[in-house]
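Have the sequence and the 3D view open, and we'll go from the overall layout down to single residues.

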Amino acid sequence: MTDLSHIQGVIWDLDDTLYSVNADLKRSMRESVAKTVVDMGHSISYEEALKLAEESQAVHRLTVRLLLEKFNLTHEELHIPFHANMDHSVIPADERLPLAFESAGHLDHVLVTHASRDWALRMLDHLGIADFFRPEAIFGLENIDFEKKESSERATKTGLSVMGLNPDQVMFAEDRDYNLAIPHRLGLTTVLIDHPSQPRDLPAHVHYRFDNAADLLDAVLQSLHQSSKTAKK
Ligand SMILES: [Mg+2]
């Protein structure tokens, strides 16, 4: 059985980890990037920008890519306004999630997202789990100098330092397996929250896979109960 009774803290990703990105949010992302480039004063109509966002999402799976290329913009320039214009309310909140956080009350939580901190604050609040994260434990990409999880130790080391825990006490939860390679190398327990894009056979740097965040928290809680039962015997 999965033994997670030693886990004291979790470093969470946000999008597609604590909730699932749905068609309505994808639409909101297209509308948001179109509005953002128009607001920035670039010479394009909202309708044309929206068309490019649609093509970008369909062909490149990255909503902002074609508009970045067209206007020679960097991700950093678009990061804050793009996320500010996105609508968190299109995501249905799952009531299992706050209950699962509440039940596994011994855990400390850090969130590190490649989105912006403002987006993370709004979404955590909307999902009903904001109270489980201290304000100093929530990081947007802009708070870690745009160092991404697949190529930098920054997210992992920042999370460990905020919690004051050792790597072997902490779990790193993500929906993209490549973002788990560095946490694995640094000695954390790595968990993939399943997503259709992900490999069916687990890569060596992924310890566990769960369907969603609530299932992960339930598994930690079960491990804890199991190990206290064993200790009493
Ligand atoms: Mg994600």
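Helices here are DSSP runs of H or I with at least four residues, strands are DSSP runs of E with at least two, and both are numbered from the N terminus. Just after helix 1, for instance, G41 takes a positive phi of about 95°. Residue numbers start from 1 along each chain as its sequence is written. Keep in mind that this is a predicted model: local features need pLDDT of at least 70 and side-chain atom pairs count only at pLDDT 80 or more, while totals for chains, interfaces and linings use all residues.

**Two domains**

The protein splits into domain 1 (9-20 + 93-232) and domain 2 (23-89), with bounds that come from an automatic or database domain assignment. Their C-alpha centres lie 27 Å apart. Where they touch, domain 1 contributes 10 residues and domain 2 contributes 8 residues; contact means that C-beta atoms, placed from the backbone, lie within 7 Å. On the domain 1 side of that contact you'll find 5 nonpolar, 2 polar and 3 charged residues. In that tally, Ala, Val, Leu, Ile, Met, Phe, Trp, Tyr, Cys and Pro are nonpolar, Asp, Glu, Lys and Arg are charged, and the others, Gly among them, are polar.

**Helix 1**

Helix 1 covers residues 23-39, and its 17 residues should span 24 Å at 1.5 Å a residue; the end C-alpha atoms are 24 Å apart, which agrees. (The expected span is 1.5 Å times one less than the number of residues.) Its buried residues include L25, M29, V33 and V37. Buried means that 20 or more other C-beta atoms lie within 10 Å of a residue's own, exposed means 12 or fewer, and partly exposed is in between, with C-beta atoms placed from the backbone. The buried residues of helix 1 pack against helix 2 (46-60), helix 3 (65-70) and helix 4 (75-84).

Six of them make an open sheet in the order 3-2-1-4-5-6, with parallel pairing. At the edges sit strand 3 (138-139) and strand 6, each pairing on one side only. Two strands count as paired if DSSP finds at least two bridges between them. Here are some of the pairs:

| Strands | Bridges | Sense |
|---|---|---|
| strand 1 and strand 2 (residues 108-112) | 4 bridges | parallel |
| strand 1 and strand 4 (residues 170-174) | 4 bridges | parallel |
| strand 4 and strand 5 | 4 bridges | parallel |
| strand 5 and strand 6 (residues 208-210) | 3 bridges | parallel |

How many residues of strand 5 (residues 189-193) are buried? The count is 5 of the 5, so strand 5 is largely enclosed by the rest of the structure. One face carries T189, V191 and I193, the other T190 and L192. L192 is the bridge partner of E174, while V191 pairs with Y208 in strand 6.

**Helix 7**

In helix 7 (residues 154-163), A155, T156, G159, L160 and M163 are buried. They cover an arc of only 125° around the axis, which puts them on the same side of helix 7; the arc is that of the directions from the helix axis to the C-beta atoms. Those buried residues pack against strand 1, strand 2, strand 4 and helix 8 (181-185). Just after helix 7, G164 takes a positive phi of about 65°.

Note on methods. Two residues are in contact if their C-beta atoms, placed from the backbone, lie within 7 Å.
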